[in-house]
Amino acid sequence: MENKNGEWIMRGMSWDDPCRIRTWKELVNWIKEIGFLPFFANEVKGFSAEEHVSPDFWWTGDLEQDPWEWRKIIAERHEVAYGKFFGKRAGFISLEWLPYFVNSRRCGYDFDARWEDGRASRREKKIMDFFISENEDGSSMFKETQILSSDLKKQAGFGNGGDKNFPGIITQLQMETYLVIAGFRQRKSKRGSEYGMSVSILLPPESIWGYDRVTAAYSEDPKKSWERQINRVRELYPDAQSQDIIRLIGKEPNTM
C-alpha cells in the first residue's frame with residue numbers, strides 16, 4: 001500500500017493471474033501453510049496478503065472480493081490469529097506458530113507476572129484488568145469479555161481528561177501478544193440500532209484458544225522462538241535483507 005498525492009495505491013495481482021488469492025478461505029489456507037503473514041505490503045517484497053490479491057476491490061464492501069471484509073471474517077472464525085503483530089501493523093499468525101510468537105514477544109511472562117516484575121505499564125494494566133481476574137488460589141482466569149474497543153477506551157478511563165494514547169497502548173498489547181482482534185461489530189445507539197463503521201473486539205488469545213495451547217512454547221528460550229520466525233521468513237524470501245525482516249518480526253528478545 002502506497003500513498004501517492006493523497007490516494008492509496010494498492011499492490012496486487014492481475015485478475016487473471018493463476019496465483020492470485022481469490023477467497024478468504026484461500027487466504028487462510030495460505031497463512032496456515034507458511035505460518036504467518038503481514039496484511040499489507042512491507043519491506044519484504046511479496047510477503048503480504050495485499051500483494052497476492054486483486055487491487056481492485058479494496059474497501060468496496062464486497063464480501064466475496066474485498067480483502068478488508070475478509071479480515072473481519074477471518075478474525076471472527078478464529079482459525080488463525082489476527083492483530084497488529086508486524087511492526088505495529090496488521091497481520092495473521094497460524095495457530096501452529098502462535099506459541100512461538102507468544103514466547104518471543106512475552107519472554108515467557110504471563111501478563112500478571114509481567115506487571116509484578118515491573119515490565120508492564122499502568123495503562124496496559126488498566127486495559128488488561130478488563131480481561132483477567134484472579135482465582136481464589138491466586139491463579140489468573142481469562143474472561144471471555146465481549147467489549148468493543150470504543151467502549152473499552154471509555155471504561156478504562158482513556159480520553160476526555162483521562163489517560164492518553166489508547167490506540168498506541170492497544171497496539172503495543174497486540175505486539176506483545178497479550179491481545180488479539182477477535183472480531184468486529186458495529187456500535188449501537190440507545191435505541192439499539194447499529195451505526196457507523198465496524199469496531200474491533202479484543203480478547204487475550206488464551207480466552208479463544210486456551211492457556212495451554214497459547215503458551216505451549218514457554219519452555220523454549222525466547223531467543224530460539226524468535227530465531228524460528230526470522231529463519232522462516234528467510235526460507236520463504238531468501239533475498240530479503242536481515243534488517244527488513246527484523247523490522248517486521250521485531251528485535252531479538254531481551255530476556256534480562
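A residue is called buried when its relative accessible area is under 20%, exposed when it is over 50%, and partly exposed in between (1.4 Å probe, protein chains only). The structure is a predicted model, in which local features need pLDDT of at least 70 and side-chain atom pairs count only at pLDDT 80 or more, while totals for chains, interfaces and linings use all residues. Residues are numbered from 1 along each chain as its sequence is written, and side-chain values use heavy atoms, without hydrogens or water.

In strand β4, residues 80-86, six of the seven residues are buried. Helices (H or I, at least four residues) and strands (E, at least two) are DSSP runs, numbered from the N terminus. β4 pairs with strand β5, residues 89-94, in the antiparallel sense over six bridges; pairing requires at least two DSSP bridges between the strands. Tyrosine 82 lies opposite phenylalanine 92 of β5. Two residues separate the strands of this hairpin, where glycine 87 has a positive phi near 60°.

## The nonpolar core

A nonpolar core is a set of buried Ala, Val, Leu, Ile, Met, Phe, Trp, Tyr and Cys residues joined through side-chain atoms within 4.5 Å. The largest one holds 67 residues, and Leu27 and Ile127 touch the most other members. Helix α1, residues 24-34, supplies the largest share of this core, six residues.

Contact means heavy atoms within 4.5 Å. Not counting residues up to four places away in sequence, isoleucine 127 touches Leu152, Ala156, Phe158, Phe166, Ile169, Ile170, Leu173 and Leu179.
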